[in-house]
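Visitor: Please take a close look with me at the pockets of this structure, and at the ligand in particular. I would like the cut-offs stated along the way.

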Amino acid sequence: MHVLTTGEAVSDLLAPYAAVERRPGRLGCWVMGHMVGGLDGSAAIDGRVGRLSTAPDVELFRLMRALADVVLVGAQTVRAEGYGPARLPAERIKARRAAGKPDTPPIAIVSRSLDLDWTAKIFTDAPADRRTTVITCENADPDRLAAARGAAEVVLAGTERVEPAAAIAGLAGLGHRTVLCEGGPTWLGELVAADLLDELCLTISPLMGGDPLPISVTPPAAPVAPFALRHVLADGDTLFLRYERGTR
Ligand SMILES: NC(=O)c1ccc[n+]([C@@H]2O[C@H](COP(=O)([O-])OP(=O)(O)OC[C@H]3O[C@@H](n4cnc5c(N)ncnc54)[C@H](OP(=O)(O)O)[C@@H]3O)[C@@H](O)[C@H]2O)c1
């Protein structure tokens, strides 16, 4: 055990995350999760993240998207948080352009029900070359599937449900190499259970008493996945932990 002492100041919050080498895995993508939890592991307060998040976490949440080829998210988070297309500060767009990437990453939504508002900004305001992607399954409701095809790119990844491996392979097929999963806990747990989460960036917010919803909900009987600590950063009372999938 070691006592952590305060190290050098980090002027660019994203820099320690941008410096990481992310090599696409067996399905062609590196999958990172980015979540915030309370001290009790809670992932939301009154069904939303807002009150859980601190100012530096809000900033990091916004900036992490600069590292992603695509932002992957479960449908319930889109419904609860009112997701729109990703936006990035001008200097991050410039850096992405210099790296040959599109200005912002598209959003990809995982849904079985396709109970989504196709007139919402996440569909209508997405740039034409980065339309929002909906990842669903073959046996989704045909009328809703037709509506989805009108509003979004559709990836079929499974028959009765979205199979996580097929979803990631589908994103790789669209040319994405770095996937940023922003939750929610149910979809993140699906990725963990399928051993597809390569990295978890976890913010610990100095609060207790949120919703009884942990940051990841793995399906019953899923194997336990060990992770290795890669960095610890602090900003005031907010702790930023970065883990990568490891063996134990
Ligand atoms: N603390 C954080 O960092 C953080 C991050 C994100 C969200 N949240 C919070 O978490 C809550 C939402 O999370 P959640 O766990 O309830 O939902 P979620 O993971 O965002 O979404 C669950 C939905 O995703 C779809 N889905 C998941 N796995 C699927 C599969 N294998 N096949 C097909 N569809 C699948 C289903 O959509 P359909 O119902 O459409 O079929 C399911 O209802 C909200 O309160 C939000 O504020 C917190």
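Guide: The phi of L114 is near 55°, a positive value in a residue other than glycine. This is a predicted model, in which local features need pLDDT of at least 70 and side-chain atom pairs count only at pLDDT 80 or more, while totals for chains, interfaces and linings use all residues. Residues are numbered from 1 along each chain as its sequence is written, and side-chain values use heavy atoms, with hydrogens and water left out.

A pocket here is found on a 1 Å grid over the protein atoms alone, as an open set of points with protein on both sides within 12 Å along at least five of seven lines, whereas a cavity is a set where a 1.4 Å probe fits but cannot get out; lining residues have an atom within 4 Å of a point. The largest pocket has a volume of about 1,100 Å³, a volume being the space filled by probe spheres set on grid points that are joined across faces, edges and corners. Its lining draws at least two residues from each of β1, α2 (55-64), α3 and α8, with α3 giving the most, 6 residues.

The largest pocket is the space taken by the ligand, in the sense that more than half of the ligand's atoms lie within 2 Å of the grid points. The elements that give two or more residues to the shell around the ligand are β1 (30-37), α3 (75-81) and α8 (185-193), and α3 again gives the most, here with 5 residues. The shell holds 26 residues, of which V36, T77, E81, S111 and T186 are the closest; a residue counts as near if one of its heavy atoms lies within 4 Å. By class, the shell has 11 nonpolar, 8 polar and 7 charged residues, where Ala, Val, Leu, Ile, Met, Phe, Trp, Tyr, Cys and Pro are nonpolar, Asp, Glu, Lys and Arg are charged, and the others, Gly among them, are polar.

Oxygen atoms of the ligand take part in several listed N or O pairs. One oxygen is 3.5 Å from a polar backbone atom of G74, a backbone N or O atom of Q76 lies 3.2 Å from a ligand oxygen, and an N or O atom in the side chain of R79 is 2.8 Å from an oxygen of the ligand; for such polar contacts the limit is 3.5 Å between N or O atoms. Taken alone, the ligand exposes 930 Å², and the protein buries 87% of that, with areas from the Shrake-Rupley method and a 1.4 Å probe.

Definitions and conventions. A polar contact is a pair of N or O atoms within 3.5 Å; within protein, one must be able to donate a hydrogen and the other to accept it, and residues adjacent in sequence count only if both atoms are side-chain atoms. Helices (H or I, at least four residues) and strands (E, at least two) are DSSP runs, numbered from the N terminus.
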